[in-house]
Amino acid sequence: MIGSLFYLTASRPDIFFSVVLCARFQADPKLSHLTVVKRILRYLKGTTDLCFWYPKGSNFNLVGYADADYTGFLVDKKSTSGMAHFLGSCLVSWATKKQNSVALSTAEAEYIATASCFAQLLWIKQQLVDFGVEVD
């Protein structure tokens, strides 16, 4: 079930965080984890009309958003970073990741998430420049 949900995350970033969280417990799943997976499936069934939309002729402003959940994972006290990158009004990249180190404050967790988001933005910009696209 988790593998099927991972497949869907390519087109449904709204379920990515929940699926990754469930995947952390694949080695020793409990009944509560099955309940969460079923809840995700019910959510998908009720939101079949959600999709990506990439309009023709949109601008090329590259924008990134980042956020962090300070000590969000209570097992090891590591924060979770989330980011989304838009080219104009089109989502081109997104990610959620458990941070490598334990942040000592909310500001530190946000700084780590922002630095990761900015690094990804620079990489995307370089790829666009290599293809001859002028980016703002």
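**Exercise 1. Is Leu5 buried or exposed?**

Solution. Start with the model. It is predicted: local features need pLDDT of at least 70, side-chain atom pairs count only at pLDDT 80 or more, and totals for chains, interfaces and linings use all residues. Residues are numbered from 1 along each chain as its sequence is written, and side-chain values use heavy atoms, without hydrogens or water.

Step 1. Find the residue. Leu5 sits in helix α1. Helices (H or I, at least four residues) and strands (E, at least two) are DSSP runs, numbered from the N terminus.

Step 2. Apply the cut-offs. Buried means under 20% relative accessible area, exposed over 50%, and partly exposed in between (1.4 Å probe, protein chains only). Leu5 has 1% relative accessibility, so Leu5 counts as buried.

Step 3. List the partners. A contact means heavy atoms within 4.5 Å. Leaving aside neighbours within four places in sequence, Leu5 touches Ile15, Val19, Val37, Ile40, Leu41 and Leu44. Take Val19: 14 residues away in sequence, its C-alpha is 6.6 Å from that of Leu5.

**Exercise 2. Compare Leu74 with Lys77, using accessibility.**

Solution. Step 1. Locate both. Leu74 is in the loop between β1 (62-73) and β2 (78-87). Lys77 is in the loop between β1 and β2.

Step 1. Classify both. Leu74 counts as exposed because its relative accessibility is 62%. Lys77, at 43%, counts as partly exposed.

Step 2. Read the backbone of Lys77. Its phi is near 65°, a positive value in a residue other than glycine. Most residues other than glycine have a negative phi.

Step 3. Leu74 and Val102 are 28 residues apart along the chain, and 11 Å separates their C-alpha atoms.

**Exercise 3. Describe helix α4 and what follows.**

Solution. Step 1. Check the length. α4 covers residues 106-130, 25 residues in total. The expected span is 1.5 Å times one less than the number of residues. From first C-alpha to last, α4 reaches 36 Å, close to the 36 Å expected.

Step 1. Pick out the buried positions. In α4 these are Ala109, Ala113, Cys117, Leu121, Ile124 and Leu128. An α-helix has 3.6 residues a turn, so residues three or four places apart point the same way.

Step 2. Look past the helix. Gly132 follows α4, and its phi is positive, near 85°.

**Exercise 4. Summarise the whole protein.**

Solution. Step 1. Count elements. There are 4 helices and 3 strands. From the N terminus the order is α-α-α-β-β-β-α.

Step 1. The C-alpha atoms fill a box of roughly 50 × 40 × 20 Å along the principal axes.

Step 2. Of the 136 residues, 27% are buried.
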